[in-house]
Amino acid sequence: MMAFPISDASPVQFSAPLPEACDVVVIGGGVIGVMTAWHLADRGFRVTVCEKGRIAGEQSSRNWGWVRQQGRDLAELPIMVESLRQWQSLSQELGEGLGFRQEGVMYLAKTEAEMEGFEAWLAEARPHGVDTRMMSAAEVGGTIQGAAKAWKGGLFTPSDARAEPWAAVPLLAGAAQAKGVVIIENCAVRALDVAAGRVTGVITEQGRIGCDQVVLAGGAWSSLFARAHGVKFPQLSVRATVLATEPLPEVFAGNAADDDFAFRRRKDGGYTLAPGGAHDFFIGPDAFRHAAVYLPVLKKDFRATRFHPAAPTGYPDAWGTPRRWAADAPSPFEAIRVLNPAPNARIVADVQRAFAACFPGLGWPKLRAAWAGMIDTMPDVVPVIDRVAALPGLVLATGMSGHGFGIGPGIGRVVADLVAGNPLGHDLHRFRLSRFSDGTKIAPGPSL
Ligand SMILES: Cc1cc2nc3c(=O)[nH]c(=O)nc-3n(C[C@H](O)[C@H](O)[C@H](O)COP(=O)(O)OP(=O)(O)OC[C@H]3O[C@@H](n4cnc5c(N)ncnc54)[C@H](O)[C@@H]3O)c2cc1C
């Protein structure tokens, strides 16, 4: 079996010397940090991206690669529409290496209730100009070849797309570096440097960088980092398992999913497969702290969630992970350079079985690789994108809740303009930090 392409054993690709000062430090070299830095560089800012492990080592390489408008929360949809335009121009600029292909996303319904859910989303999304349409059972049967399942119908967005995550994000980082962004791997940010109540820099394991603003795009580690500075938000993580098959004939050119499994064909001819919803949750102190606000989403997802009493050592919400540390000694961010969870073997086998039963003509899908990622999630399944009023100079761009890859370029543009003080072009009210403290009723997005 192939080893996952990015781990802490991968050679360091980005090792610029630590600058004494810059305008903005971005914490985290996932798609959000990289694309924020990209757009800040375009606006003339001197930017440094500090990544504790490897660029795209965590969620941004481990995801399914779906670039979708379909099923989005309506507050995210306009940003996603913009993001798709960016993917198109990025793929013209950077070429084949992104693996960007617009061959559609299809959701498949096994019940009339699911069809009604699709219709309800479509009615609200249509004004945003999406090309999504409902598909009948016959249309689905004519589009997905050789399926032994009889779906009731589907929801299809032809302009939705995919890219190859573990190739795309490092390529984007290389292009950002060519624009002047300073990128440093193996460079954990241990703490913010704060003076007179505002951010004046960051303390990294390699030393201090002075700066006026910091963007926290630390994925699953963001709330651990922020909380140490008194900035609290209810972020948790779930483990999501993925597998890659050996090359197999094409049954559908796009990406598709029902509630049993999701599939899409990679550039190398194999399929990337995943369960429709099943995931693992490790209980830790934050899970108790935020239990009440997560109840609505938990009720929705309860059957798909497998609970475990504790996370592996060193994980962001493991019982033994320190919540406070000194800036002049190794921090939890150096203890795990690349969060590389073991895949759930039972889920891998279930997905192989479900795919084989659905496409008997393809035979048993042989495994090329299996991996997992820790998805950082929020109780309303939408991110936090905001300035921190209580700590001037700190901007949050985190909690992408399992769908931050496709929207990454769009979020990066919005965050760059937030930092620059420019008009944002979109309403970020739903993503504000204060929703967790101002009495707002937390309502989960569609998570279709
Ligand atoms: C299995 C799986 C499937 C998914 N499928 C899709 C999909 O098909 N489509 C989609 O749109 N999204 C998908 N997602 C979600 C998507 O991958 C994420 O939302 C997105 O990658 C988040 O990007 P990020 O930059 O916020 O976080 P990450 O990619 O997790 O990056 C955060 C980075 O910050 C670094 N970091 C953290 N703390 C520090 C620190 N103190 N100092 C320095 N560095 C630090 C980490 O090392 C990490 O590299 C999926 C996710 C998973 C796990």
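Start by selecting H7 and helix H8 (285-289): each supplies at least two residues of the lining of the second largest cavity. Helices here are DSSP runs of H or I with at least four residues, strands are E runs of at least two, and both are numbered from the N terminus. H7 gives the most to this lining, with three residues. This is a predicted model, where local features need pLDDT of at least 70 and side-chain atom pairs pLDDT 80 or more, while totals for chains, interfaces and linings use all residues. Numbering runs from 1 along each chain as its sequence is written, and side-chain values use heavy atoms, without hydrogens and water.

A cavity is a set of points, on a 1 Å grid over the protein atoms alone, where a 1.4 Å probe fits but cannot get out, and lining residues have an atom within 4 Å of a point. Colour the lining by class and you get two nonpolar, two polar and three charged residues (Asp, Glu, Lys and Arg count as charged; Ala, Val, Leu, Ile, Met, Phe, Trp, Tyr, Cys and Pro as nonpolar; the others, Gly among them, as polar). The space inside is about 40 Å³, a volume being what probe spheres set on the points fill, with points joined across faces, edges and corners.

Next stop: the largest cavity, at about 140 Å³. Select Ala220, Leu236, Ser237, Pro316 and Asp317, which lie nearest its centre among 14 lining residues.

Notes. 1 Å grid on protein atoms, 1.4 Å probe; cavity = no way out; pocket = protein on both sides within 12 Å on 5 of 7 lines; lining within 4 Å.
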